[in-house]
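Here are a few friendly notes to read alongside the model. Please keep the view open as you go through the points.

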Amino acid sequence: MFSFFKRNYSDKYFQGDRPVNFNYLTNDYSDYSGLSFSYGITDKLTVQGSLGYFINKTENFNIPVIGQQQLFGSGFADAELYAKYNVFQSKNEVFSITLSGGAKIPTGPYKLRVDNVQLTRDVQPGTGAYAGVFTFYAMVKPFKDKKKSIMFNSRTDYNGVNPQGYQYGVTNTNTLSTAFKLYKEVSFIAMFRNENHDLDKVNKVGLFSSCSSRLFIAPGISINMGHDLSFSVYGDFPVYQYYGGIQLAAKYAYSIALIKVFELHKKEIPVSN
């Protein structure tokens, strides 16, 4: 079981890879809480389901003459269900490859209204569309002691069209990570992440101000608390961002996570003769 909370915060716009003035926006932030369950059917095959809830998705504006304005949305995000299969693992367990595939299910609201006016897509919790999700995961232990692992994960989402004719662009996220032991059960997590977002479309017409490419560093601390329980905290900081047109840029994010492993199969107790 994997549970987490994440806060995202932004307060500036970019055009290309440079910030631009947009004085109307004060800030934009969201608070998201998620829960994910995995079940190992065999040593190689695992099924996983995830569901999250946006506690809030908020945009604050300071508009001349009108003054302070706020857009606010909350609700369940789209659910995810997929299967993972370990397609290769070396005999000495220094290299492995896992593939997965599944779907995002449009469980979250995507047309919330306030005072009979529909909120913008930026503060809607759901997308209103199904999506195919595919991941590639590789792990290698490059050193002789076989203690340190380097992990690479690539995920691609192919989004469908929602009932309003809106289609979010294909997204691809690539992550490279490793861990360094600091003290006993405390480890430092070094993570680099690249996110790519293709053009969104409305009625099959592409929106230039929706594509982006971003690079983040995400340092973290993980604590093994025993009893198959671990606690982690991460920061999330952009080091490079490029946007088509003018778009809201990422500033920072932080998250906390709790992981618990349950043993559902009873271990056989050897019988002595």
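How many bridges join S13 to strand S16?

1. Two bridges join S13 to S16 (residues 200-202), and the two strands run antiparallel. Within this pair, Gln167 has Lys201 in S16 as its bridge partner. Strands here are DSSP runs (E, at least two residues), numbered from the N terminus, and two of them pair if DSSP finds at least two bridges between them.

2. This is a predicted model: local features need pLDDT of at least 70, side-chain atom pairs count only at pLDDT 80 or more, and totals for chains, interfaces and linings use all residues. Residues are numbered from 1 along each chain as its sequence is written, and side-chain values use heavy atoms, with hydrogens and water left out.

3. S13 and S16 belong to an open sheet of three strands, ordered S13-S16-S17, with antiparallel pairing. Its edge strands are S13 (166-167) and S17 (205-207), each of which pairs on one side only.

4. Now look at S2 (residues 12-16), which pairs with S20 (residues 229-249) over five bridges in the antiparallel sense. S2 is also joined to S3 (residues 18-20) by three bridges, again antiparallel, and a hairpin links S2 to S3 through one residue.

Key: Helix = DSSP H or I, 4+ residues; strand = E, 2+ residues; numbered from the N terminus.
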